[in-house]
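Here is a short note to read beside the model. Keep the structure open and follow the points in order.

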Amino acid sequence: MIRNKKMVLTALFIAIGLTLPMITANVPMIGNMLLPMHFPIIICGLICGAGYGALAGFITPLLRSFIFSMPPLFPIATAMAFELATYGAVAGLVYVVVQKSKGSAYPALIVAMLSGRVVWGVVTFILFKMVGKGLTLQMFIAGAFINAIPGIIGQLIIIPAIMYYLAKHRTTAIETI
């Protein structure tokens, strides 16, 4: 039964990841800075576990690219697939360990955010090399950190608040379905 609930929740998080960027689509520069696809994927990893989080993370940007042509499949959605899969997997893995001690989502969130950005940089570097382009350190820092500051701050505030709420009420989203 739990497996079915996790699959349903994962589908829900994928659907949220597909639709949430539409809220900020009218202002692409701000929308890109808020990282709307990242939120549901990280939460999926925290709630459903590493495997489901990785699956949702890999599928969401590719599916969004096929359905809405945004983000462009190559190289953006392709690099995002690996990045978001890392967010979901690492958040789920680290949260299981941290939950046994502190119960805070912050360590899992921070490790996932850093890991995902490194994976994004490596994959983007490889994809750019395939088409004869380069990824400089300045481009990586701007793309992974500086341009993403509003989204990073939002993730550090909203995601732990959601997890705290679920923990405080001695429930998880899995039990509420």
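1. Start with threonine 10, which touches Cys44, Cys48, Tyr52 and Ala56, leaving aside residues up to four places away in sequence. Contact here means heavy atoms within 4.5 Å. Threonine 10 sits in helix α1 (residues 2–23). Helices are DSSP runs of H or I with at least four residues, numbered from the N terminus. Threonine 10 is buried, with a relative accessible area of 3%. Buried means under 20% relative accessible area, exposed over 50%, and partly exposed in between (1.4 Å probe, protein chains only).

2. A word on the basis. This is a predicted model: local features need pLDDT of at least 70, side-chain atom pairs count only at pLDDT 80 or more, and totals for chains, interfaces and linings use all residues. Residues are numbered from 1 along each chain as its sequence is written, and side-chain values use heavy atoms, with hydrogens and water left out.

3. Now look at helix α3 (residues 38–48). Because 11 of its 11 residues are buried, α3 is largely enclosed by the rest of the structure. Among the buried residues are His38, Pro40 and Cys44. Just after α3, glycine 49 takes a positive phi of about 110°.

4. How do α3 and α8 pack, at what angle and how far apart are their axes? The angle between α3 and helix α8 (residues 149–168) is about 35°, and the axes are 10 Å apart. Axes are lines fitted to C-alpha atoms, for helices over the stretch in contact, and angles run from 0 to 180 degrees between N-to-C directions. On the α3 side, the contact includes Phe39, Ile42 and Leu46; on the α8 side, Gly151, Ile158 and Met163 are among the partners. The contact residues divide into 10 nonpolar, four polar and no charged. Ala, Val, Leu, Ile, Met, Phe, Trp, Tyr, Cys and Pro count as nonpolar, Asp, Glu, Lys and Arg as charged, and the others, Gly among them, as polar.

5. Turn to isoleucine 141, in helix α7. Isoleucine 141 counts as partly exposed, at 34% relative accessibility. Isoleucine 141 and arginine 117 are 24 residues apart in sequence, yet 9.4 Å apart in space, C-alpha to C-alpha.

Terms used:
Helices (H or I, at least four residues) and strands (E, at least two) are DSSP runs, numbered from the N terminus.
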